[in-house]
Amino acid sequence: EDTDEAWDILRQWLHRYSSSSSSDKGRSNLMRFKIAARYQGEDKRTALHCLLGDYPEHNTPIDVAETLIRYAPEVARMKDTRGLLPLHYACVGYNKCPQVMKLLVQAFPEGLRQMCMDGWLPIHEACGNGASLEVLNILIQAFPQSIHVHTRDGIPSSLLLRHAWEKHGGWELEEEEDADDDEEEDNDDEGDEDNHNEHDSVESISSHNGDDNQDDGEELMEYNSLADDDEQPLKNTKHLFFLHKATSDRLSLCLIKLLSQAFPKSCKTQDENGMVPLHHALSKIDPSFMFFVMILVEASPESTFLKDSQGRTPSQLLQKFASKQISDGKYLLHYLAEHPRILLTENLLPLIVHANPDSLAIKDNYGKLPFHYSCLNPNSSIEVLMLFIKLSPESLLVME
């Protein structure tokens, strides 16, 4: 079947009936188009549901989806018999166009917060079906809190993502690495029934027949087995480098959290340049870099000691910036000690101190040491204050 030809035929029909006209015929055609777009057929699915869900291996052209939503915007809010929005359908197709995802999110932002009858949000569908980093980033940026919401059965997004990418290897890198395609297809055939259970399979959200043999308890055990055994051999390791890419591209901080939770090993996995994600976080000093550093250090404290192929540790990459005054005589350590959101922790403080040990004893223009700011910061923990004292006991005797 010629997919491109089929889309062209559909475009011609859409253009014919959606083209606005002041004539009676034009208005009649437009009314017919709106009725057709809103029509709910089998399982109460609209044309948009079908376009997004019947062929998950094909991208729905952005212009086709735009036309449907422009003239019948309510279709983005319509659910099928299982409570699935078009947005849920789009999240199932691993090859979905990010532009289409943006369109659906903009058309009905509230849809990101709506669970289907099986208790899955759109982010759960995307994670459970190995969506690309770009698609995940779109969903998470629009609803950051979604990464903390479990399915009704108690399955977190991180386990859904790990389950999908451990099995499929991550779709985003397939164009670069085609050698494993045949093997992945064989694995897909063997494991499809387990991927989504009573929810929706990666092949087609519309093909669910409700006759699953695995009950909810067994499904939850299947996902939890991945969480309990991080040392088990992986079928495919391509996804271990997705955290590197997400960090380097400065994608959503919540996506970084999700990836680090789904794949703890990736935090200390070295790429072809010997770099771990923390190296990538420190390779570009921009306003947001310390937020990435904070997340990655907490996820894997041991990654702070790893050297890249040039022999550089993360603290050495940070050294140049940590040794410069930011403002008012403050260095990075002063800035972080008083920052209300980037909290110094027992893991992060040694990294900053190692990058510039002298800053522990430097007063800023207000006569304050980093330790003073940490004492004044209501979010500082006792453990961090004690670590400050351990690293610089004389700080206790220094007056402002």
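**Figure 1. A salt bridge between Glu-302 and Lys-268 in the predicted model.** Glu-302 and Lys-268 form a salt bridge in which the closest N and O atoms are 3.2 Å apart. Glu-302 belongs to the loop between α15 (289-299) and α16 (314-322), while Lys-268 belongs to the loop between α13 (253-262) and α14 (277-282), so the pair ties together parts that are 34 residues apart in sequence. Glu-302 is partly exposed, at 37% relative accessibility, and Lys-268 is likewise partly exposed, with a relative accessible area of 40%. The structure, which is a predicted model, holds six salt bridges, and two others are presented in the legends that follow.

**Figure 2. The salt bridge of Asp-308 with Arg-312.** Side chains of opposite charge can pair when their charged atoms come close. In this view the side chains of Asp-308 and Arg-312 meet in a salt bridge, with a distance of 2.8 Å from N to O.

Figure 3. Arg-250 lies in the loop between α12 (242-248) and α13, and its phi is near 55°, a positive value in a residue other than glycine. Most residues other than glycine have a negative phi, and most peptide bonds are trans. At 18% relative accessibility, Arg-250 counts as buried, because the cut-off for that class is under 20%.

**Figure 4. Packing of helix α16 against helix α18.** Two packed helices are described by the angle between their axes and the distance between the axes. For α16 and helix α18 (residues 348-355), the angle is about 60° and the axes are 7 Å apart. The two helices, α16 and α18, are therefore oblique to each other, and their crossing is right-handed. The contact is made on the α16 side by Pro-314, Ser-315, Leu-318, Gln-319 and Ala-322, and on the α18 side by Leu-351, Ile-352, His-354 and Ala-355.

**Figure 5. The loop residue Asp-328 between α16 and α17.** Asp-328 is placed in the loop between α16 and α17 (332-338). Although Asp-328 is not a glycine, it has a positive phi of about 55°. At 35% relative accessibility, Asp-328 counts as partly exposed.

Figure 6. His-372 lies in helix α19 (residues 370-376) and is buried, with a relative accessible area of 11%. Which residues surround His-372, leaving aside its neighbours within four places in sequence? His-372 is in contact with Gly-367, Ser-395, Val-398, Met-399 and Glu-400.

**Figure 7. The buried residues of helix α6 and the helices that cover them.** In helix α6 (residues 98-107), the residues Pro-98, Val-100, Met-101, Leu-103, Leu-104 and Val-105 are buried. An α-helix has 3.6 residues a turn, so residues three or four places apart point the same way. The cover over the buried residues of α6 includes α3 (47-53), α4 (62-71), α5 (86-92) and α8 (133-142).

Figure 8. Not counting residues up to four places away in sequence, Ile-62 touches Gln-99, Val-100 and Leu-103. The C-alpha atoms of Ile-62 and Leu-103 are separated by 8.2 Å, although these residues are 41 residues apart along the chain. Ile-62 itself is partly exposed, at 29% relative accessibility, whereas Val-100 and Leu-103 are among the buried residues of α6.

**Figure 9. The protein chain as the setting for the close-up views.** The protein chain contains 20 helices and zero strands, and 51% of its 400 residues count as buried. Among contacts between residues at least 6 apart in sequence, 71% join residues that are at least 24 apart. The chain exposes about 19,000 Å², of which carbon and sulfur atoms supply 49%.

How values were computed
Residues are numbered from 1 along each chain as its sequence is written. This is a predicted model: local features need pLDDT of at least 70, side-chain atom pairs count only at pLDDT 80 or more; totals for chains, interfaces and linings use all residues. Side-chain values use heavy atoms; hydrogens and water are left out. Helices (H or I, at least four residues) and strands (E, at least two) are DSSP runs, numbered from the N terminus. Buried means under 20% relative accessible area, exposed over 50%, partly exposed in between (1.4 Å probe, protein chains only). Contact means heavy atoms within 4.5 Å. Accessible areas come from the Shrake-Rupley method with a 1.4 Å probe; for residues, only the protein chains shown count as cover. A salt bridge is a side-chain nitrogen of Lys or Arg within 4 Å of a carboxyl oxygen of Asp or Glu. Axes are lines fitted to C-alpha atoms, for helices over the stretch in contact, and angles run from 0 to 180 degrees between N-to-C directions. Angles under 35 degrees count as roughly parallel, over 145 as roughly antiparallel, 65 to 115 as roughly perpendicular and the rest as oblique. A crossing is left-handed if the near helix is turned anticlockwise from the far one by less than a right angle, and right-handed if clockwise.
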